Amino acid sequence: PNYIQAASNCIVSGQHYLVCCVNDCEVLLDEIERKVAAPTARPETILSIVGNMTSHISIDDDQPPHLDSSLRAQLAQISEAHGGEVPIHGRL
């Protein structure tokens, strides 16, 4: 995971202080990483994991994630460019 005080997570900095925030996506990505347990995964595997996510970034978020057809198409396109697998990290 990214360090909380990484420059990308800090919104205010001064000579003696930083105001940094946790990236909400880290919790979601951690769950995907744990369940995939590999550097790549088939699109169907990722869609299944995301469709059954147990992590929520808000207490008001009781609904499962919705992935519209354009997001599914992007995932399929990425997998086609990588031999049927989607890289979990790195440039897509």
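1. A residue is called buried when its relative accessible area is under 20%, exposed when that area is over 50%, and partly exposed in between (1.4 Å probe, protein chains only). Glu 44 is partly exposed, at 48%. Arg 42 is also partly exposed, at 41%.

2. This is a predicted model, in which local features need pLDDT of at least 70 and side-chain atom pairs count only at pLDDT 80 or more, while totals for chains, interfaces and linings use all residues. Residues are numbered from 1 along each chain as its sequence is written, and side-chain values use heavy atoms, leaving out hydrogens and water.

3. The chain averages a pLDDT (the predictor's confidence in each residue, from 0 to 100) of 80, and 70% of the residues score at least 70.

4. Two salt bridges are found in the whole structure. The term means a side-chain nitrogen of Lys or Arg within 4 Å of a carboxyl oxygen of Asp or Glu. Arg 42 forms one with Glu 44, the closest N and O atoms being 3.4 Å apart. Lys 35 forms one with Glu 31, where the closest N and O atoms are 3.0 Å apart. At 0% relative accessibility, Glu 31 is buried, whereas Lys 35, at 44%, is partly exposed.
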